[in-house]
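I opened the notebook today to look up a helix pair and then a single side chain. Here is the structure I worked from.

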Amino acid sequence: MAGIILGLMGGLGLFLYGMKLMSDALEKAAGAKMRSILEFFTKTPLRGILVGIFFTAIIQSSSASTVMVVSFVNSGLLNLYQAAGVIMGANIGTTVTSQLISFNLSALAPAIVMAGVILAMFCKKNKVQRIGEVFLGFGILFMGLTTMSSSMSVLRESPEVVEIMGSLSSHFAALLVGIIVTTILQSSSATVGIILLLAQQGLLEISICLFIIMGCNIGSCVSALLAGLNGKRDAKRAALIHLLFNLIGTALMYVIFSIALDPVVNLIKTISHMDPGREVANAHTMIKIVEVLMLAPFNKQIVKLTGLIIKGDDEKIEESFELQYIGEKSVFSPTTAVFDATREMERMGQMALTNLERAMNALITLDENEINEVYQVEKQIDFLNHSITNYLVKINQTTLPVDDKQTIGGLFHVVNDIERIGDHAENMADAARSRIERNIEFSDQAKKELSGMLDMVIKITTYALDMFSNNNQEHMQEILDLEDKVDEAERILQESHIQRLTQNECTASAGMMFSDIISGLERVSDHATNIAFSLMEDDPVERRKEQKMAAAAK
């Protein structure tokens, strides 16, 4: 008996590891693309359902996809109505695993494992390696099923086991078994796989399997609920949507099965050609599809119900020493980690841009309150710089999607560029304070020139942040042109201020300060351009520099 239990444990371990390996590899290979699909194709509940089906069928885990959706809501990528559709679709998509398991591919498992090993170990391309890991996970999964099936075939001969399984006649008890086992395994697919094997060995009747499967639906909500605990209110509501959908759907199906169990069982047996494994897989799929058909029309009502249960609005964190999209109070998902970091960096960039305008205004008006405000905001920017950098180091050590992994280096540069923009704002505040203390005057012409150059710098920085955070390339050429204009303006203004000095139209102190400020603005323009093109493989800025150097050499 001990050998049988060890065989079951080993088979289950292989099954769970294979499923995790396959799911993680698929998520790493397609995570960034899946994020784009979610962003563009969830405009209506029906599209959201279709995307949820496709998304979960790809990564083979409703728990993983639902946790991902919760993190998308926390990041602002999806609203609750879009999330509800995706979550409903995910419940159908997860049945693909049981359908695959029901087709006995165990004989092919060693060949699939070998193919996976070859691709994962001997191919240099990351994406091919990920595909190899998918094959490897898929093969290990079926090898685990084979091991469990062998152990269960022995259990079938045990009168005690047959008696225990036969005693599971209570529908409610079967429901509880499904909830408990799935909560422990953190995978409804794994639980349904075990049920399928038990049914194949004749240890469970399909009528009882139906209620265990419904319990699996509720148990699968635990992962999303745990993910939403530390998130914002909408993230908690997204997790609650998943729970409410499964609770309400299970309650309705429980009533239907209690009233018309025999016709349902006969229908399942007919369409499955009396194959116990196919019966479990088809029952799993049927339950999910019927639940979605019943509850999809009430999408808005379910979302509103979450608002009644979890009341209040998310607090806006704009001017505090806190992180809004990353950190302990956010939902972490490898698929959205880079997106979350980008949102936080966009917030930091907007803060630095506003501070630059504030600093220039303080320099002209000599407003002490604004000078102090610049220093205070600069402390916040420094805090964000350190926090985001630490976060990037942390996520760089995790299993990110391939495309996201390649962007990490660029993100480190962007954080540094934004921090430098903040430093230039602080330098202006220092200059403003120096003007007050040393009674330095600027001519109206100098103020006008500074204002004109600032307008160009603000414009290029605004375009750059938009291009970086939203991949909006509409103003790409304008960014390049503005950088040239700022460079030219800096050269012209340096010459004009030297002319004013030579004609005694301004003091040496004012002239030096003016020169430092326009040099600083020109560097801000450079940082902005770096930000705009930080994630592009073909950097037009570098290409133009090379062209200019080649032309100068001639």
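My entries on the helix pair and the side chain follow.

**Ground rules.** I am reading a predicted model, where local features need pLDDT of at least 70, side-chain atom pairs count only at pLDDT 80 or more, and totals for chains, interfaces and linings use all residues. Residues are numbered from 1 along each chain as its sequence is written, and side-chain values use heavy atoms, with hydrogens and water left out.

**Helix α4.** I found α4 at residues 80–93; helices here are DSSP runs (H or I, at least four residues), numbered from the N terminus. Its 14 residues should span 20 Å at 1.5 Å a residue, and the end C-alpha atoms are 20 Å apart, so the two agree (the expected span is 1.5 Å times one less than the number of residues). I also noted that 13 of the 14 residues are buried, so α4 is largely enclosed by the rest of the structure (buried means under 20% relative accessible area, with a 1.4 Å probe and protein chains only).

**Its partner.** Which residues of α15 does α4 meet? I listed N299, K300, I302, V303 and K304, which meet L80, Y81, A84, G85 and M88 of α4 (contact means heavy atoms within 4.5 Å).

**Q324.** I then moved to the loop between α15 and α16 (334–365), where Q324 is found. Its relative accessibility is 13%, so Q324 counts as buried. Its side chain makes polar contacts with the side chains of Y325, at 3.5 Å, and R347, at 3.4 Å. Such a contact is a pair of N or O atoms within 3.5 Å; within protein, one must be able to donate a hydrogen and the other to accept it, and residues adjacent in sequence count only if both atoms are side-chain atoms.

Technical notes: Axes fitted to C-alpha atoms, helices over the stretch in contact; angles between N-to-C directions. Helix = DSSP H or I, 4+ residues; strand = E, 2+ residues; numbered from the N terminus. Buried < 20%, exposed > 50% of the residue type's maximum accessible area, 1.4 Å probe, protein only.
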